[in-house]
Each structure stands twice: as C-alpha cells, then as structure tokens.
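Please read the following report alongside the sequence and the coordinates.

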Amino acid sequence: MHEYQAPLTDMKFVLRELVDLELLAQLPGFGDMTLDVADAVLDEAAKFAGGVLSPLNRSGDLEGVRWQEGEVLTAAGWKQAYTRFAADGWGALSCPADFGGQNLPRALSALVEEMWNGANMAFALCPMLTRGAIDAIELRGTEAQRDTYLPKMVSGEWTGTMNLTEPQAGSDLSAVRTRAVPDGDGRYRLTGQKIFITYGEHDLTGNIIHMVLARVAGAPEGVKGTSLFLVPKFLVNADGSLRERNDVHCVSIEHKLGIHASPTCVLSYGQNGGAIAELVGEENRGLEYMFIMMNAARYSVGLEGIGLSERAYQTALAYARERIQSTEAGVRGGPRVPIVRHPDVRRMLLLMKSQTEAMRALSVVVAVSLDAARLHPRAEERERHQAVADLMIPVIKGWCTENSVDIASLGVQVHGGVGFVEETGAAQFLRDARITPIYEGTTGIQANDLIGRKLARDGGRAAQLVITQMRALAGDLAAAPKLTEAAAAFSAAIDGSRGDGVRFGGNDQWSAGRSFERSRGNAASTAGWPFRRFRGNAGASASQALQRSRGNAVHWSVITTFPRKRVPRQGSFMSSNSGLP
Ligand SMILES: Cc1cc2nc3c(=O)[nH]c(=O)nc-3n(C[C@H](O)[C@H](O)[C@H](O)COP(=O)(O)OP(=O)(O)OC[C@H]3O[C@@H](n4cnc5c(N)ncnc54)[C@H](O)[C@@H]3O)c2cc1C
C-alpha cells in the first residue's frame, strides 16, 4: 500500500509563484507570515499527514464505525490520532487568535487541509465541520456563546456539526420541519429528526456542538422561517464545565459506498421533552447564517476533491513505475518495461496531475481572496475580494469534486485489473471521491448558485473582472515560446466564458437545466486564472516565470498539458447542451 506523501514542491510552487504575498502581508495579523514560516508549517503538516493519518486510511475503510446503544465507536487508532491532531494545534491553524487559534492565512491552511484529505478524508471531515461551526458562532453568536463554546472548539476539545438535512429536506432546505418552541427561559426546545449528519455522534471528544436549522413555532413558511440553533450534546455551564446529557440521540448510522470511517448519523431531537437549544443570531435568519458554514464547507469539500485526486495520482504513478508489461512502443524484441513508459499510461498520469495542479492553484488563489475579504483594511477591497470568492466557491466545489471522481477513476484505469480490487487503495479513492459532488449541495445546486446567483447578482461584473485578467494572461502566453498552442486553447475557452458574462450582463433568459454543463466548461477555463500572477511578478513575463518551473520537468509538462488537453473540453461541454431535455 502506497502511503500519502504531501506534494511539498508543488504546494510551495503555488505559494511562491501564484499567491499575492504582498497582499497577504498587508492584512492585519499576517505581518509575520514569511515564506520560511509557511514552509515550516507545510513540512510539519506533511509529516503528520503521511506518518499518522495516511496509515489509518485503509484500516478505517475496512473497519468502519460501529453504533452501539446510541454511542458511535470510531475505528482503531482514530481516537489517538484525533487527540494528537488537537494537541498539536492543527485544528486551530486559521482560527481566530482571540479564542486560542493561530490566525494563519487561509491560503496556507487550505494547503494543509488538502494534505489531511489526501491522507485520510474520512478523518479530515471532523475538523472541517468543526471549523464551519466555529465560523458561524464567531460571526453570529453572542459574546457569551463565543466565550463558552469557541475556546474548546478551537482547541479541538469539542467538535462541531452541521444539521440541515431531513428526510423531506435535502437540496430544498425550505422544507425543514424540525420545530423549536421557546421555553420562556430565553432558550428553546427542539423536536425533530435530522439525517446524514457527519460526525453527529462519535467517541473522539467529550462534547459535540450541533448547529441545527429549525423552524420556530409560528414562523413563516419556506426558507424565511428557518432559524439557527446551537445544541450541545452535553449541556454546558458558563465556565465551560459539562452538565447533564441533552435530549439529542443518534438512533442509527448509515452504511455507505465510501468514507466508511466517518460516521453519518440519524439524530433524533426531543424524544424526552425537547432538546435544549440556544438561538444563534436572530429568529428566521437561519439559512442566511447557515450559509456562513455552508460556504466554508463547500470550499473545504473542493479541497477534499483536490486531496483525493493527488492521492489517486501518487498511487497510480507508484504502481506504473513498478508494473512491468509489454515492450516499449516501436522497440521490437526489447525488454519488457514498466507501464509508465507506455504513452497511453503517461497520458492518463499527466491528465491526473495537470488537473490536480490546476485545481490546487485555483483553490489557493481563492483562499487569498477569502483572507482579504475578511481582513483587508479598505471596505471596497473587502467587497471586491468577497465578490471573487463568492463567484469561485461554487466553481471550486463543483469542478474540483466532479474532477476528483474522473481522476480517481483514471487511477483505477492505470492499475488495470488490480485497480478494481481493493488492496491497492485505488478503488477506495474512487468510492470516497463519489460523495464529494453530492454533499454540501450537489453539483446541480452549485451550478444553479453560480449561474443563477453569483453571475447574475452583480450583472456579471465579478466574472468580467476574472475574464479580463485571464485575457491579459492569454496575451502573455501567446508571446511565450512553446506556449502558443496552449495560449490558443486558453483564448478559445475564454471566448466561450465571455459570452456567458455578456449574456448575463444583458439579463438574457437562461435555462437552469443547462447550467451544470455550462458551469463545468467555464470552470475548466477559469482554472487558468490563478496563473495571472505570472504577469505581475516583478515585471517578469509569463515565459520567464514559467521558465523557472522548467527546472521541474513534470511541472513544465503539467503547465502546458492542462490548457492543451483539458481546457478544450469546454467546447464539448457547450455543444453537449443540445441533447438535454
Ligand atoms: C455521507 C453523507 C454525509 C452528509 N453529511 C451531512 C451533514 O453533515 N449535514 C447535513 O445537513 N447534511 C449532510 N448530508 C446531506 C447532503 O448534504 C444531501 O444529501 C445533499 O444536499 C443532497 O440532498 P438529497 O440527498 O436530499 O438529494 P435531492 O435534493 O433529493 O437531490 C436528488 C437529485 O436532484 C437534483 N436536484 C434537486 N434539486 C435540484 C434543483 N433545484 N436544481 C437542479 N437539480 C436539483 C440533485 O442535484 C440530485 O442530483 C450528507 C449526505 C451524505 C450522503
């Protein structure tokens, strides 16, 4: 079994060449963030990912989780790994310093999170959801809620969950029925059932803080009547000490295609009179607040896709170097060679790697916008970065997760027959990847969000800004030796995307049913956008900047392969629309 090794060279390349480090350094609290510090964090995270989390990935998949009288027992080694993870401060990396976090840029913690996902996605889900709950409490909770819950959640002593889904309310959260009744004491009593709740019950920590979407008795119908509640598994005193068990119970867990070691729970609220709940923010603004968590989680699910893709690539490459089969093409009577020498195998590996690198680049550059949207001293800059991040989050979620399924499938293909049996790990990556385009809003929902809200909302302005930057880069690429073919493919793809922006600017009619194909095509062209930094690097031209990466031969192939082989798929996505009902 090939263990995960964090792709440190590629990650450091993204930080050095594509991230706007000057912008990051201007943001309050990030002044001390040097490349040396970033390298040290990545190096240490790589050791934890490869040495602690990766070895549990296969055993966790085989053992899964067990439900026992309402308790959920995680796989062997899980609890020890989580305890170390929390003690080493990994969950607190980009959390606010006021509550014990390390306040490192998201642009750095995104790379670290990719490592956790590459090493062991079923494990990484737990801190990921905790992080979303922390964001919601930090931004919308009262001072008392922040002081009571955040220090223990940031330290990892307690975990957090996101409770939206009910049997009749999946993509359509306006159908949520869980009921909240004020108890006259400033709190509420919750009754109802939530399904598919990730880490809704487990044995890793002493308490679990559920963030629950529910409807206050008498609230309006639809999304405008949903409110956000905080429901601890064990009630908590103001000093953080634990009281009695709350009325929320795990009645069963799901048996799934993948992520076997991540408990997916059915939670029942109010079997004994109602779970005690605290309102977060104001009544009837629950979905708006939930979107804080969902946006953070959607971005993070995109990182799951990237981590899994990297892992699938590494495993396929290792196998392709070992597996001996056939003589080299065109060499008669020569020795049998490792399959990595066959052009078709190289094509598959390069496709896997080039897409993974493009996805990573996009995710980290968007993370800079997430940092700037939160911290930039100037309001108009915060707004501009927020618009870019809002536009890109459905792209990262939809595109990186759909790609991860394709990439994990290519990984199986590189292995041939043994890819289809479980021992190599290739099959597990494909099974695990399959959930990523489904939860946190299916790809169809991401497409609706991108096309229906994010592009239309500002008349296409944020999209036009990105397109203008891509066009400038395409011009530079066209002038760079050996990149003209890639530049032409990139330019053609931008032409397609620009058409969409113009149409949205003109408020043209749009068919929602076409939005998935359209958004997937646009995403492929958008992936060139992070490389715009090549233009601004101390006056260096694109060719000079790319020249630097030629020291790494794989990197050079990757940078040229993506626009030539993958971006042109945009054309086929567009034309396939005609076949849709
Ligand atoms: C392993 C796992 C973990 C999960 N973890 C959590 C969790 O922690 N917390 C939580 O609250 N939920 C969680 N979920 C639930 C998950 O978010 C939902 O399954 C997901 O949002 C889809 O809802 P659904 O399953 O009801 O599908 P449906 O909404 O029934 O969708 C079925 C199909 O119809 C399409 N569709 C539906 N509406 C539209 C539309 N308007 N436009 C276009 N297409 C549409 C969808 O794209 C999909 O293809 C989890 C689910 C799983 C399987």
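Predicted model: local features only at pLDDT ≥ 70, side-chain atom pairs only at ≥ 80, totals over all residues.

Residues are numbered from 1 along each chain as its sequence is written.

The secondary structure comes to 19 helices and 14 strands, where helices (H or I, at least four residues) and strands (E, at least two) are DSSP runs numbered from the N terminus. Of the 581 residues in the chain, 51% are buried; a residue is buried if 20 or more other C-beta atoms lie within 10 Å of its own, exposed if 12 or fewer, and partly exposed in between, with C-beta atoms placed from the backbone. Among the contacts with a separation of 6 or more, 76% are between residues 24 or more positions apart, a contact being two C-beta atoms, placed from the backbone, within 7 Å.

Helix α5 spans only 20 Å between its end C-alpha atoms, whereas a straight helix of 35 residues would span 51 Å at 1.5 Å a residue (the expected span is 1.5 Å times one less than the number of residues). A kink of about 135° in α5 is centred on asparagine 120, the bend being the angle between axes fitted to the seven residues ending there and the seven starting there. Of the 35 residues of α5, 34 are buried.

The largest nonpolar core has 159 residues, and α5 gives the most to this core, with 20 residues. Such a core is a set of buried Ala, Val, Leu, Ile, Met, Phe, Trp, Tyr and Cys residues joined through C-beta atoms within 7 Å. Leu190 is one of the residues with the most contacts inside the core, and its partners beyond four places in sequence include Val212, Phe229 and Ala277.

The ligand is surrounded by 20 residues, the closest being Leu164, Gly170, Ser171, Thr442 and Gly444, where a residue counts as near if its C-beta atom, placed from the backbone, lies within 6 Å. The elements that give two or more residues to this shell are β3 (158-163), β5 (188-198) and α12 (443-457).

Asparagine 103 is in the loop between α4 (78-87) and α5 (106-140), whereas phenylalanine 196 lies in strand β5.
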